[in-house]
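Hello,

Here is the structure I said I would pass on. My notes on it follow below.

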Amino acid sequence: MLHLEDSELLSMFSDENSRNYAFNLIVKKYQQKIYWHIRRMVIDHDDANDVTQNTFIKAWKGLEAFKQEAQLYTWLYRIATNESINFLNKKRKVLLLPLIDVERELSNKLEADAYFSGNVIQKKLQKALLQLPEKQRIVFNLKYFEEMKYEDMSTILNTSVGALKASYHIAVKKIEEYLKSH
Amino acid sequence: MKKTNTTENIDSLPQTLHSIGNENPFRVPENYFDTLRISIADKISEKRETSPWIHFILKKEIFYTVSLCCVIAFFVIFFPIISTHYNDSKLSVSDYVIEEKYSSFDEDMLVAFLTENEEDKTSDNDYLMDYLLHNDTDINLIMEELK
C-alpha cells in the first residue's frame with residue numbers, strides 16, 4: 001500500500017475517479033489511531049467499533065468541504081472526539097444515568113473486558129482515568145498514551161495550550177492520588 | 001502525526017505513573033483492522049446508494065411537518081363524511097320510529113275509535129235535547145236563532 005502525504009490524499013479525493021481509492025487510503029492510514037483514541041474514551045470494543053465507523057462516515061461526508069489548510073489528522077481526531085462524547089452523552093440519556101454512574105458502568109465493562117490485556121496496575125490506571133472529568137481524560141489520554149503535542153491538541157479540542165497544560169497537570173495529580181489511595 | 005519527546009513526557013511524571021508506562025493495555029479481535037476498513041467502505045456505499053430523496057424525507061423537520069399535514073388532511077377529508085354519516089344515522093332512527101308506529105297501526109282499532117266518537121256525538125245531542133225539554137225551552141226559537 002502506498003504511503004502518501006495527506007495533501008496528496010486530499011487532492012486524490014477531490015478527483016471523482018480516484019475518490020473511493022483515496023478515502024480507502026485515508027481510512028487505512030488513520031483507522032488505528034482513531035480507533036485507539038475512541039477506545040480509550042468508550043472502553044468497550046463494540047462501542048469503539050461503532051463510533052469509529054461513524055467517525056469515518058462523517059469524515060466521508062465532510063471531506064469535500066474540508067479546507068486543505070487544516071491538518072487532516074487533527075480534523076479526524078476532532079470528529080472522533082466529538083463522536084465519543086456524543087456517544088457517552090446519549091448513553092447517559094438513554095439509561096437516565098448521571099455522569100458518575102456512566103463512569104461506573106465503564107469501569108464494570110473494563111473489569112469484564114475480554115480484550116483488555118493490561119496488568120493490575122494498568123487496570124487501576126484506567127479506573128483512575130474514569131474518575132476524571134471527560135475533558136481531562138481526553139487531554140491525559142492524548143498526552144500520556146499518544147504523546148501528542150499541545151499545539152495539535154489545541155486544534156482538536158479548541159482550547160488554549162496553557163489551559164491544556166493546566167488540565168493535564170491536574171489530571172496527573174488526581175490520578176496519582178487515586179493510585180496511592182486504592 | 002508528530003509526537004513530543006517521550007523523555008520529556010514520561011520522565012516529568014510522578015514515580016507511580018512513570019513506572020506504569022504508556023503501553024496500550026487494550027486489544028482487538030484478530031484481523032479487526034482489515035475488516036474495519038471493509039465495513040466502513042460498505043457502509044459508505046450503502047449511504048451513497050440510498051436516494052437523496054430518502055435522506056430528505058428522513059430529516060426530522062420534514063418528517064414532523066409531513067406527519068402534521070397528514071393528520072390535518074385526515075380530519076379535513078374524513079370529518080365531513082363522519083358528520084354526514086352521523087346525521088344520516090339520526091334520520092334513519094327517526095324514520096324507523098315513524099315507520100314502526102304506522103306499520104303496526106291496527107285498522108280495526110281506528111274503526112272502533114271513529115265509531116266510538118260518533119256514538120259520543122249522538123249521546124251528547126240526546127243529552128242536550130233532554131236538558132232543553134226539561135227546562136221548558138222553546139227549541140224552535142233556538143233553531144231560528146242558530147240559522
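The side chain of A:T74 reaches the backbone oxygen of A:Q71 at 3.0 Å. A:T74 itself sits in helix α4 of chain A, residues 72-95 (helices are DSSP runs of H or I, at least four residues, numbered from the N terminus). A:T74 counts as buried because its relative accessibility is 5%, where buried means under 20% relative accessible area with a 1.4 Å probe, protein chains only. Neighbours within four places in sequence aside, A:T74 is in contact with A:D152, A:T155 and A:I156 (contact means heavy atoms within 4.5 Å).

This is a predicted model, in which local features need pLDDT of at least 70 and side-chain atom pairs count only at pLDDT 80 or more, while totals for chains, interfaces and linings use all residues. Residues are numbered from 1 along each chain as its sequence is written, chains are lettered from A in the order in which they are written, and side-chain values use heavy atoms, without hydrogens and water.

Now the two chains together. Chain A brings 50 residues to the contact and chain B brings 32. About 4100 Å² is buried between chain B and chain A, 62% of it on carbon and sulfur atoms; buried area is the accessible area (1.4 Å probe) that two parts lose on being put together, summed over both. On the chain B side, α1 (6-11), α2 (15-20) and α3 (32-49) each supply at least two of the residues that touch chain A. The largest share, 10 residues, comes from α3(B).

Regards

Notes:
Buried means under 20% relative accessible area, exposed over 50%, partly exposed in between (1.4 Å probe, protein chains only). A polar contact is a pair of N or O atoms within 3.5 Å; within protein, one must be able to donate a hydrogen and the other to accept it, and residues adjacent in sequence count only if both atoms are side-chain atoms.
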